[in-house]
Amino acid sequence: MDLETGVPLPSRLHVGGGSSDGRRVHGADRYNGGRWKDMVLAYRTLGVVFGGLVTSPLYVYPSMNLKSPTEQDYLGIYGIMFWTLTLIGVVKYVCIALNADDHGEGGTFALYSLLCRHTNIGILPSKKADSVTNAAHANPSVGTEKRSRLGIFIERSMTARRIVLFIAILGMCMLIGDGILTPAISVLSAMDGLRGPLPSIHKSAVEALSAAVLIALFLLQKYGTARVSFLFSPIMASWTFTTPIIGVYSILRYYPGIFKAISPKYIVHFFLRNGKTGWQLLGGTALCITGSEAMFADLGHFNKRSIQIAFLFSIYPSLVLTYAGQTAYLIRNPNDHNDGFYKFVPGPVYWPMFTIATLAAIVASQSLISATFSVIKQSVVLDYFPRVKVVHTSQHKEGEVYSPETNYILMLLCVAVILGFGDGKELGNAFGVVVILVMLITTILLTLVMIIIWRIPIIVSALYFVPFSILEGAYASAVCTKILEGGWLPFAVSIVLAFIMFGWYYGRQRKLEYEMANKITLEWLGELLESSEIQRVPGLCFFYSNIQDGLTPILGHYIQNTRSLHRVTIFTTLRYLLVAKVAPNERIMITRLGLDGVYGCMIQYGYADFLNHGGDDFVTQVTNSLRAHIDNSSEGLSPAYVEEEISQLERAKEAGAVHVRDRHCPLWGFPFDSVWR
């Protein structure tokens with residue numbers, strides 16, 4: 001996410017710049033390194049990365065279906081939350097997952113693209129053909145070392161490749177579901193604080209007010225967040241450092257011995273005493289780790305060290321102390337769990353905490369909304385999603401992306417969730433499904449990375465996979481029992497999105513097969529240009545195509561209708577590599593096609609490359625690259641011929657450029673004049 005705007009930033013790899021060899025330059029480097037600069041960067045992550053995680057105390061206890069809980073029950077629940085934060089938050093994400101970056105990028109799709117770059121597991125025809133090239137582009141040593149047996153098996157099995165793709169797409173779909181549920185549950189839980197000191201306010205009024213806040217938030221998305229984003233980190237820092245202070249106060253006042261609950265014996269006794277009911281309560285306790293995936297997903301927008309510092313020295317102790325304080329209060333007031341946060345806030349600071357909680361919930365919601373825009377944009381760029389409109393709301397901040405269609409659909413769904421569910425327990429059930437399944441998907445993909453890419457022995461990898469799959473599998477089994485009580489929502493959203501994505505994939509596959517079967521050869525074009533019926537007209541023409549071997553069938557229809565071809569014609573192919581960002585010197589590749597004034601151009605980009613507006617800039621970049629290619633490949637040609645070729649290019653550029661494209665060419669998921677910086 002952008003360090004200054006606080007907006008998720010999938011559209012670039014580097015925070016502080018880059019190097020021509022494609023190596024990642026971390027955000028801290030922009031401040032010339034140093035421990036103090038890492039601390040500053042860690043502070044900025046508070047307003048971007050950890051909004052969903054650090055606001056979870058608002059809704060964890062209210063989401064649990066507790067019935068006459070005892071002191072021992074609360075001690076067991078706190079023990080479960082403590083070890084969940086420790087094992088999943090500290091061990092899994094901070095110590096392991098943050099090391100599995102794809103050229104600095106993190107998240108579910110980054111893991112998938114990392115696997116694609118090291119093994120030939122792409123599915124779309126255009127991607128399968130490029131898999132080896134992608135791998136060599138990212139890792140020159142590929143092909144020179146012994147390959148993993150598991151990687152070879154996945155390459156040879158189309159079923160295995162489809163399963164891996166399905167898992168990655170499901171992870172993206174679940175993240176979009178998170179973008180629906182996080183704003184709803186965060187804002188509703190924060191606004192519910194009005195009912196404490198003002199009991200005359202009905203719950204329906206709180207729901208309506210929460211819906212109004214979210215509607216206003218969504219309507220403001222088109223203006224971007226640059227003007228207010230500087231407040232994000234101070235707001236979240238205020239929340240992060242005030243809630244544990246109240247937690248310590250509550251511990252000292254109500255139950256100083258709360259930390260004895262970290263002994264595993266309290267967890268064992270909790271399950272032995274409660275049986276099936278205790279197992280079902282895992283769905284509620286899982287919410288204490290919600291948002292932890294953001295640590296990994298936002299890796300490319302900060303750096304590993306800053307995220308580790310922020311989590312280990314602020315977020316983790318804040319949550320441990322806040323939950324300890326809540327639990328200490330509830331041990332002495334066991335029936336207040338339906339309002340487990342505001343009840344433990346002391347009266348003199350109630351309204352200041354209500355204000356901070358509401359602002360923190362809005363910031364957390366903004367982070368997930370922006371992240372959803374980013375996921376949609378990334379999916380469109382990679383040709384896994386239909387061409388929805390994606391625009392940049394700032395000329396200076398690359399990370400501020402906005403999708404109008406996505407925005408209004410999210411708004412309607414968020415409002416429908418608040419007004420339809422209302423009850424925090426049903427929302428918690430739905431949210432729990434998203435949280436656990438995304439973590440389980442990360443565990444599966446991370447294990448594949450360990451075995452295939454890191455070459456860790458399967459037995460050693462099992463030491464990671466087995467305990468975490470059991471832990472997260474237990475959580476998943478618990479939340480799946482709540483399918484009929486709200487848990488169906490993320491499944492429904494994910495199924496619809498997956499259907500759209502796979503439907504789009506199937507259609508694109510059929511289209512590519514048609515284009516390959518009906519492509520036009522250079523020999524046919526050469527014979528056609530020799531005909532007196534075809535005129536060469538002044539100007540520059542770009543023909544966009546999805547195929548890389550041959551010419552697009554659109555060319556035949558164009559010539560048949562216009563009976564002409566521009567003096568300089570450039571057949572342009574937009575090709576993505578399974579890397580986060582392509583080095584500038586590798587972005588545009590020009591070739592002569594052997595015909596007068598006819599050239600081939602391949603524009604390569606990564607899934608995190610930034611799309612900038614400006615059609616004239618695009619034409620200038622391509623023509624400059626073409627001129628450099630003519631100069632550099634003039635060996636064996638007379639100087640007069642080369643000079644005439646360059647003059648012809650300049651005249652064509654001055655006459656104006658024409659763009660001929662297929663409606664579904666990847667460029668056109670964006671505004672007409674979108675080009676690469």
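Predicted model: local features only at pLDDT ≥ 70, side-chain atom pairs only at ≥ 80, totals over all residues.
1. In which hand of crossing does α4 pass α20? The crossing is left-handed.

2. Two packed helices are described by the angle between their axes and the distance between the axes. For helix α4 (residues 71–96) and helix α20 (residues 458–480), the angle is about 135° and the axes lie 12 Å apart. Angles over 145 degrees would count as roughly antiparallel, and 65 to 115 as roughly perpendicular; α4 and α20 are therefore oblique to each other.

3. The residues that form this contact can be named. Helix α4 contributes Ile80, Thr84, Leu87, Ile88, Val91, Lys92 and Ile96, while helix α20 contributes Tyr464, Phe468, Leu471, Glu472 and Tyr475. Sorted by class, the contact of α4 with α20 comprises nine nonpolar residues, one polar residue and two charged residues.

4. Serine 314 belongs to helix α16, which spans residues 304–332. Its relative accessibility is 9%; because buried means under 20%, serine 314 counts as buried.

5. What surrounds serine 314? Leaving aside residues up to four places away in sequence, serine 314 touches Leu46, Thr240, Phe241 and Ile309.

6. Finally, the protein as a whole may be considered. Its secondary structure consists of 25 helices and nine strands. Of its 677 residues, 59% are buried. Among contacts with a separation of 6 or more, 82% join residues 24 or more positions apart.

Conventions: Residues numbered from 1 in each chain as written. Heavy atoms only, no water. Helix = DSSP H or I, 4+ residues; strand = E, 2+ residues; numbered from the N terminus. Buried < 20%, exposed > 50% of the residue type's maximum accessible area, 1.4 Å probe, protein only. Contact = heavy atoms within 4.5 Å. Axes fitted to C-alpha atoms, helices over the stretch in contact; angles between N-to-C directions. Parallel < 35°, antiparallel > 145°, perpendicular 65-115°, else oblique. Left-handed = near helix turned anticlockwise from the far one by under 90°. Nonpolar A, V, L, I, M, F, W, Y, C, P; charged D, E, K, R; others polar.
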